[in-house]
Amino acid sequence: MKRRQKIGLLGGTFDPVHQGHLALAKAALKQLELDLVYLVLSPRSPFKLDHNLTPVQLRAAMLKLALKDQEKIQLGEWEINRPGPSYSVTTLSTYKKMNPTHDLFLILGSDALASFSKWKSHNHILRLATLVVGRRPGTSLEMSGVIGQIFFLKGMFPEISSSRIRQDLATHKKPQGLPVTVERFIRAHQLYGKK
């Protein structure tokens with residue numbers, strides 16, 4: 001009998017993708033012995049409706065560069081053309097319908113775990129997938145009012161944020177935590193500079 005596939009999904013706007021995202025995906029891949037991890041690119045997050053985001057095709061191009069040498073970490077592009085904000089419950093439901101025999105693992109940082117109970121249909125998410133949480137400095141692993149399968153990754157993950165990278169680039173500081181290929185792309189396309 002064929003073994004069930006174990007698939008990790010790490011969603012985000014990835015504006016831009018950074019080493020923190022990659023570290024989380026690699027740790028989940030290794031520690032849970034996943035078959036594949038998808039970085040699912042969201043055109044717009046429900047938590048960032050008032051943000052001006054970099055065009056989604058440019059964010060996809062940066063992700064492809066960052067993942068060029070990653071055999072088991074791939075870009076999940078199926079959200080790109082979906083209108084409106086992307087909700088994790090919709091992403092998981094859509095994937096499960098297409099691949100009913102796959103076991104799903106939703107990967108997130110401990111900063112996102114703190115607000116998980118405010119996510120759309122968060123209890124349904126826990127029926128669709130196991131939560132996989134990476135600890136970031138200065139965040140707690142507390143989660144109130146949520147019961148379900150949670151796997152806490154070993155180790156601490158770097159305190160890198162896309163917003164800090166954008167801020168550094170806008171003020172001509174050297175950004176920390178960008179893959180070299182992504183930084184070159186950003187500079188070539190003059191992204192995140194002061195307007």
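User: Which residues are buried in helix H6?
Analyst: In this predicted model, H6 spans residues 162–170, and its buried residues are Ser162, Ile165, Asp168, Leu169 and Ala170.

User: And what covers the buried residues of H6?
Analyst: The cover includes H1 and H7.

User: Why would residues three or four places apart in a helix point the same way?
Analyst: An α-helix has 3.6 residues a turn, so positions with that spacing point the same way.

User: What happens just after H6?
Analyst: His172 takes a positive phi there, at about 60°.

User: What about Glu33, what is its phi?
Analyst: Glu33 is not a glycine, yet its phi is positive, about 50°. Glu33 sits in the loop between H1 and S2.

User: Is Glu33 buried or exposed?
Analyst: Glu33 counts as exposed, because its relative accessibility is 61%.

User: Tyr192 next. What phi does that one have?
Analyst: The phi of Tyr192 is positive, about 65°, although this residue is not a glycine. Tyr192 belongs to the segment after H7.

User: Buried or exposed, Tyr192?
Analyst: Tyr192 is buried, as its relative accessible area is 9%, and the cut-off for buried is under 20%. Among the residues that Pro16 touches is Tyr192.

User: Where is Pro16, then?
Analyst: Pro16 is in the loop between strand S1 (6–12) and helix H1 (19–31). The peptide bond leading from Asp15 to Pro16 is cis, with omega near 5°.

User: How accessible is Pro16, buried or exposed?
Analyst: Pro16 has 0% relative accessibility and therefore counts as buried.

User: Which residues does Pro16 touch, leaving out those up to four places away in sequence?
Analyst: Pro16 touches His21, Met62, Ser162, Ile165, Arg166, Leu178, Val182, Ile186 and Tyr192. Of these, Ser162 and Ile165 are also buried residues of H6.

User: How far is Pro16 from Ser163?
Analyst: In sequence, Pro16 and Ser163 are 147 residues apart. In space, the C-alpha to C-alpha distance between Pro16 and Ser163 is 8.5 Å.

User: Switching to helix packing. At what angle do H2 and H7 pack?
Analyst: H2 (residues 56–66) and H7 (residues 180–188) pack at about 150°, and their axes are 8 Å apart. The two helices are therefore roughly antiparallel to each other, since angles over 145 degrees fall in that class.

User: Which hand does the crossing of H2 and H7 have?
Analyst: The crossing is right-handed.

User: Which residues of H2 and H7 meet?
Analyst: From H2 there are Leu58, Ala61, Met62, Leu65 and Ala66, and they meet Thr181, Val182, Phe185 and Ile186 of H7. The residues of this contact are eight nonpolar, one polar and no charged. Met62, Val182 and Ile186 also touch Pro16.

User: Different topic. How many aromatic pairs are there?
Analyst: A search of the whole structure gives four aromatic pairs. One of them is Tyr38 with Trp78, which is edge-to-face, at 5.1 Å centre to centre and 80° between the planes.

User: Where do Tyr38 and Trp78 lie?
Analyst: Tyr38 is in strand S2 (residues 36–41), while Trp78 is in the loop between strand S3 (73–76) and helix H3 (88–98), so the pair ties together parts 40 residues apart in sequence. Tyr38 counts as buried, because its relative accessibility is 15%. Trp78 counts as partly exposed, because its relative accessibility is 27%.

User: What is the geometry of Trp78 and Tyr95?
Analyst: Their ring centres are 5.8 Å apart and their planes stand at 45°, so this pair is tilted. Trp78 is in the loop between S3 and H3 and Tyr95 in helix H3, so the pair ties together parts 17 residues apart in sequence. Tyr95 is buried, with a relative accessible area of 4%.

User: Which residues form the aromatic cluster?
Analyst: Tyr38, Trp78 and Tyr95 form one cluster.

User: Last thing, the whole chain. How many helices and strands?
Analyst: The protein chain has seven helices and six strands. From the N terminus on, the elements run β-α-β-α-β-α-β-α-α-β-β-α-α.

User: What share of the residues is buried?
Analyst: Of the 195 residues, 47% count as buried.

User: And what share of the contacts with a separation of 6 or more comes from residues 24 or more positions apart?
Analyst: Such residues account for 66% of those contacts in the protein chain.

Note on methods:
Residues are numbered from 1 along each chain as its sequence is written. This is a predicted model: local features need pLDDT of at least 70, side-chain atom pairs count only at pLDDT 80 or more; totals for chains, interfaces and linings use all residues. Side-chain values use heavy atoms; hydrogens and water are left out. Axes are lines fitted to C-alpha atoms, for helices over the stretch in contact, and angles run from 0 to 180 degrees between N-to-C directions. Helices (H or I, at least four residues) and strands (E, at least two) are DSSP runs, numbered from the N terminus. Angles under 35 degrees count as roughly parallel, over 145 as roughly antiparallel, 65 to 115 as roughly perpendicular and the rest as oblique. A crossing is left-handed if the near helix is turned anticlockwise from the far one by less than a right angle, and right-handed if clockwise. Contact means heavy atoms within 4.5 Å. Ala, Val, Leu, Ile, Met, Phe, Trp, Tyr, Cys and Pro count as nonpolar, Asp, Glu, Lys and Arg as charged, and the others, Gly among them, as polar. Buried means under 20% relative accessible area, exposed over 50%, partly exposed in between (1.4 Å probe, protein chains only). Rings of Phe, Tyr and Trp (its six-membered ring) pair if their centres lie within 6.5 Å; planes under 30 degrees apart count as stacked, over 60 as edge-to-face and the rest as tilted.
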